[in-house]
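The following note sets out numbered points for a colleague reviewing the model. Please read each point beside the coordinates.

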Amino acid sequence: MTALGDSIHKSLTELEVKLEANRCLYCYDAPCMNACPTHIDVASFISKIAQGNIKGSARDILSANPMGASCARVCPTDELCEGACVYRKDDSPIRIGDLQRFAVDWAMRSGDRLFEPGAPTGKHVAVVGGGPAGLSTARDLRLKGHAVTIFDAHDELGGLNTYGIVPFRLSTEVALWEAQQVVELGAEVRAGVRVGEDVPFESLLDGFDAVVIACGMGSVPRLGIDGEDLDGVWDALDFIERVKTGTFAGELGDRVAVIGAGNTAIDALTCAKRLGAERVTAYYRRGESQMSAYGFEYEFAKQENIEFRFFCMPLRILARDGRAGAIEFARTELRQGALRRVEGREFVEPVTAVIRAIGQSRLEATLNAFGVETESGVVRVDDDLATTRRGVFAAGDCIYAKGTREAMVVEAAEQGKLAARSVDAYVNAERRNDG
Ligand SMILES: Cc1cc2nc3c(=O)[nH]c(=O)nc-3n(C[C@H](O)[C@H](O)[C@H](O)COP(=O)(O)OP(=O)(O)OC[C@H]3O[C@@H](n4cnc5c(N)ncnc54)[C@H](O)[C@@H]3O)c2cc1C
Ligand code: SF4
């Protein structure tokens, strides 16, 4: 059995680093750079590695992407930079993610300071949420010299990097190192403070020159079926958080059912497997080709001996000895694109635990209480990430909407940079008006 903490990333050897870095063509108008939401200058950072200037390489990476350490581990590189590499046609793209990890790991080990805060501007910005979007915003605001206070409901910074992405994909150590870089630039942190409950949102508007909302999304939606409140039924995010923080004290048993087939489901499935559950099965009401998980994630789950059952919809969770003991499913089918239940094809699967993993809900009530306009639970923003409230901006998963943005660390990082630029322009304009 693979241990929970065994990283899925295998570091390149020094020889592999050299070969890979020298194989790069340092393309003009490099497609890999355009495919990265943060537009890291891939050719430049790889050529610095080839020249032995690893510090310069790490600086290139982290100046374009404050989340460069986590992205080197969690980015779907196949879909982004490596998918666009000119060597893709030969099926041998440069291992950009591995090279990025090599350079940033060097920076982590060296402890060298790569950035300095800008000269103080006298402006103070509140950032609500210290996940990838909030950290990226705070980092760039500090580089511009604005004072920043990050409010986060959790005890530690990092958001889903720290609490939601499984440890074998992204360790807590890396997530916290990344957050620490922002703290060392002088960002103030108010951890364990939930804005809207512990601190009124309106007080931020009174006490700060601008506010950035970067509070992400919420918990996994409920399935809306009987038996969901039984012991042994978990929200995937709560489950992963407890596993990652070492506070999971529940019993999974040997037959774990995960409802859903997206990337969160894959994380829950592989986590349950690595915790020792013998049979771990994903149940999904649509077919293989409709799964929202990335192809490489699906392949990874299959390699970890996860089973996938398609076209089954949970009807109710049945109790055994006072906890989840079985699930009754209905068969489904797709007819002309519409999902339908097939009557008379119900079946019961024995289980020892159930994990709901059907995406994330929206923090609509919180956002409405912040007084910003939302649409289907997503904060409405303009191209500069300004919300409908003056001086209030938003970035990251709280503005994620299908078809327009992706819920990814690298997207959150880029939006954080853009939010910082927009806030900078806003407070500078205010200063001119005041003058
Ligand atoms: C299980 C899982 C696996 C994932 N795997 C990947 C992956 O492999 N690759 C990838 O690129 N992306 C992955 N993602 C997506 C990625 O984690 C998110 O897109 C990213 O974390 C979004 O960053 P964010 O800062 O917007 O939100 P979050 O990371 O959610 O951070 C939001 C922060 O706001 C805080 N907060 C919320 N409300 C308040 C409040 N009222 N007051 C104060 N603080 C508040 C929270 O405590 C949290 O720290 C995954 C997501 C999940 C759920
Ligand atoms: S496209 Fe490939 S070969 Fe060209 S610069 Fe990018 S990584 Fe190097």
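1. Two residues are taken to be in contact if their C-beta atoms, placed from the backbone, lie within 7 Å. Among contacts in the protein between residues at least 6 apart in sequence, 70% join residues at least 24 apart.

2. The model is predicted: local features need pLDDT of at least 70, side-chain atom pairs count only at pLDDT 80 or more, and totals for chains, interfaces and linings use all residues. Residues are numbered from 1 along each chain as its sequence is written, while chains are lettered from A and ligands numbered from 1 in the order in which they are written.

3. On overall form, the C-alpha trace spans about 75 × 55 × 45 Å along its principal axes. Of the 435 residues, 46% are buried (20 or more other C-beta atoms within 10 Å of the residue's own; exposed means 12 or fewer, partly exposed in between, with C-beta atoms placed from the backbone).

4. The protein has 16 helices and 15 strands; these are DSSP runs numbered from the N terminus, helices being H or I of at least four residues and strands E of at least two. The division is into domain 1 (14-110), domain 2 (124-218 + 363-434) and domain 3 (233-356), with bounds from an automatic or database domain assignment. The C-alpha centres of domain 1 and domain 3 lie 35 Å apart.

5. Which residues are closest to ligand 1? They are Gly-129, Gly-131, Gly-159, Gly-216 and Gly-396, in a shell of 38 residues (a residue is near a molecule if its C-beta atom, placed from the backbone, lies within 6 Å of it). Domain 2 and domain 3 each contribute at least three residues to this shell. Elements supplying at least two residues each include α8 (132-143), β2 (147-152), α12 (236-244) and α16 (409-434). By class, the shell has 19 nonpolar, 14 polar and five charged residues; Ala, Val, Leu, Ile, Met, Phe, Trp, Tyr, Cys and Pro count as nonpolar, Asp, Glu, Lys and Arg as charged, and the others, Gly among them, as polar.

6. Ligand 2 is surrounded by 14 residues, the closest being Cys-24, Cys-27, Cys-32, Cys-85 and Ile-94. Two or more residues of this shell come from each of α2 (31-35) and α3 (42-50). The shell around ligand 2 has 14 nonpolar, no polar and no charged residues.

7. In α12, the residues Ala-236, Leu-237, Phe-239, Ile-240, Val-243 and Lys-244 are buried. Seen down the helix axis, the buried residues of α12 fall within an arc of 160 degrees, so they line one face; the arc is that of the directions from the axis to the C-beta atoms. Their packing partners are α9, α10 (172-184), β5 (233-235), α13 and β12 (353-356). Just after α12, Gly-246 takes a positive phi of about 70 degrees.

8. Asn-305, in the loop between α14 (295-303) and β8 (307-310), has a positive phi near 65 degrees and counts as partly exposed, with 13 C-beta neighbours inside 10 Å. Phe-311, in the loop between β8 and β9 (312-320), has a positive phi near 55 degrees and counts as buried, with 20 such neighbours.
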